[in-house]
Amino acid sequence: SGINAEYGYFSTGISVRSWNIGQWCAAGVLHGHSGHVMCLEHVAIDDKKYIVTGSRDHFCKIYDATDGIVSGRMPQATLNPPHFDGIECVVWGSGHLYSGSRDQTIKKWHIQSRKEKGGQRPAHKDRVQALAHISSLGSIVSASRDGVVKLWREESFGDPKSDPAKSVIAEIDAHPGSSIQDVQVSGNHIYTASADSTVKIWAIPEVDANEAMSI
């Protein structure tokens, strides 16, 4: 789900419904996917607002939400090339969108040009199930069904001229043998929720994002 000041957005099957928060009533619906919508992100760029969705149909789609979406709406754009399997998570970073998939990869997208700017293939040994952004480090957090959490430098992420290993700031065997279902960042901590029925809290040290770190 995603919420801005006026509207909330909730995925349901192959569509996304918008709700007027003040009146708490249905306002509109987003169409265009052929598979279940698994995730969405509210993105604000200058005076424009967008809803970006990720689906089991392997695609991310962009919807113009500047006016709040009060009727049926088709996507403004579809991001290509798609993933090779269903998309499980999307997150807005420092000027780019990131999508994580069952195909074990993370892609980096430029919203304005609708182009892929790189990716990590594979990023994990199993499905990428959750993503989060750490603005203080200029980094992306990914969590996988392999139980591992990784922190990636945004600046060099997916750059074909960079050593992929050097894009990793840290790697944590957070939940050995158990799938991580979600990851969130709040303040100086990372929170991981796992199929092992636990939520773990990890401190984020104050380090230079250009240096490797241990957690």
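Predicted model: local features only at pLDDT ≥ 70, side-chain atom pairs only at ≥ 80, totals over all residues.
Residues are numbered from 1 along each chain as its sequence is written, and side-chain values use heavy atoms, with hydrogens and water left out.

Strands of a sheet pair through backbone hydrogen bonds, either parallel or antiparallel. Here strands are DSSP runs (E, at least two residues), numbered from the N terminus, and two strands pair if DSSP finds at least two bridges between them. Three bridges join S7 and S9 in the antiparallel sense, and Ile-62 has Ala-77 in S9 as its bridge partner.

An open sheet of three strands has the order S18-S19-S20, also with antiparallel pairing. Strand S18 (180-186) and strand S20 (199-203) are the edge strands, each pairing on one side only. In this sheet, neighbouring strands are turned by 20 degrees against each other on average, direction ignored. S18 pairs with strand S19 (residues 189-194) over six antiparallel bridges. Within this pairing, Asp-182 has Ala-193 in S19 as its bridge partner.

A hairpin is formed by S14 and S15, with four residues between them. Six bridges join S14 to strand S15 (residues 139-144), and the two run antiparallel. The bridge partner of Ala-130 in S15 is Ala-143. In the turn, Gly-138 has a positive phi of about 60 degrees. S14 is mostly covered, as six of its seven residues are buried. Buried means under 20% relative accessible area, exposed means over 50%, and partly exposed lies in between (1.4 Å probe, protein chains only).

His-58 has a positive phi of about 85 degrees and is found in the loop between strand S6 (48-55) and strand S7 (60-64). Gln-104 has a positive phi of about 75 degrees and lies in the loop between strand S11 (97-101) and strand S12 (106-110). His-58 is partly exposed, with a relative accessible area of 27%; Gln-104 is partly exposed, with a relative accessible area of 27%.

From Asn-80 to Pro-81 the bond has omega near 0 degrees, and Pro-81 is placed in the loop between strand S9 (77-79) and strand S10 (87-92). From Arg-121 to Pro-122 the bond has omega near -10 degrees, and Pro-122 is placed in the loop between strand S13 (115-120) and strand S14 (128-134). The backbone oxygen of Pro-81 is reached by the side chain of Lys-107 at 2.9 Å. Lys-107 is found in strand S12 and is buried, with a relative accessible area of 5%.

The largest pocket has a volume of about 410 Å³. A pocket is an open set of points, on a 1 Å grid over the protein atoms alone, where a 1.4 Å probe fits, with protein on both sides within 12 Å along at least five of seven lines; lining residues have an atom within 4 Å of a point. The volume is the space filled by probe spheres set on the points, which are joined across faces, edges and corners. The largest pocket is lined by 20 residues, of which Glu-41, Val-90, Val-91, Leu-131 and Gln-184 lie nearest its centre. Strand S5 (37-45), S10, S14 and S18 are the elements that give two or more residues to this lining. S10 gives the most, with five residues. The lining residues of the largest pocket divide into twelve nonpolar, five polar and three charged. Ala, Val, Leu, Ile, Met, Phe, Trp, Tyr, Cys and Pro count as nonpolar, Asp, Glu, Lys and Arg as charged, and the others, Gly among them, as polar.

Definitions and conventions
Axes fitted to C-alpha atoms, helices over the stretch in contact; angles between N-to-C directions. Polar contact = N/O pair within 3.5 Å; in protein donor to acceptor, adjacent residues only side chain to side chain.
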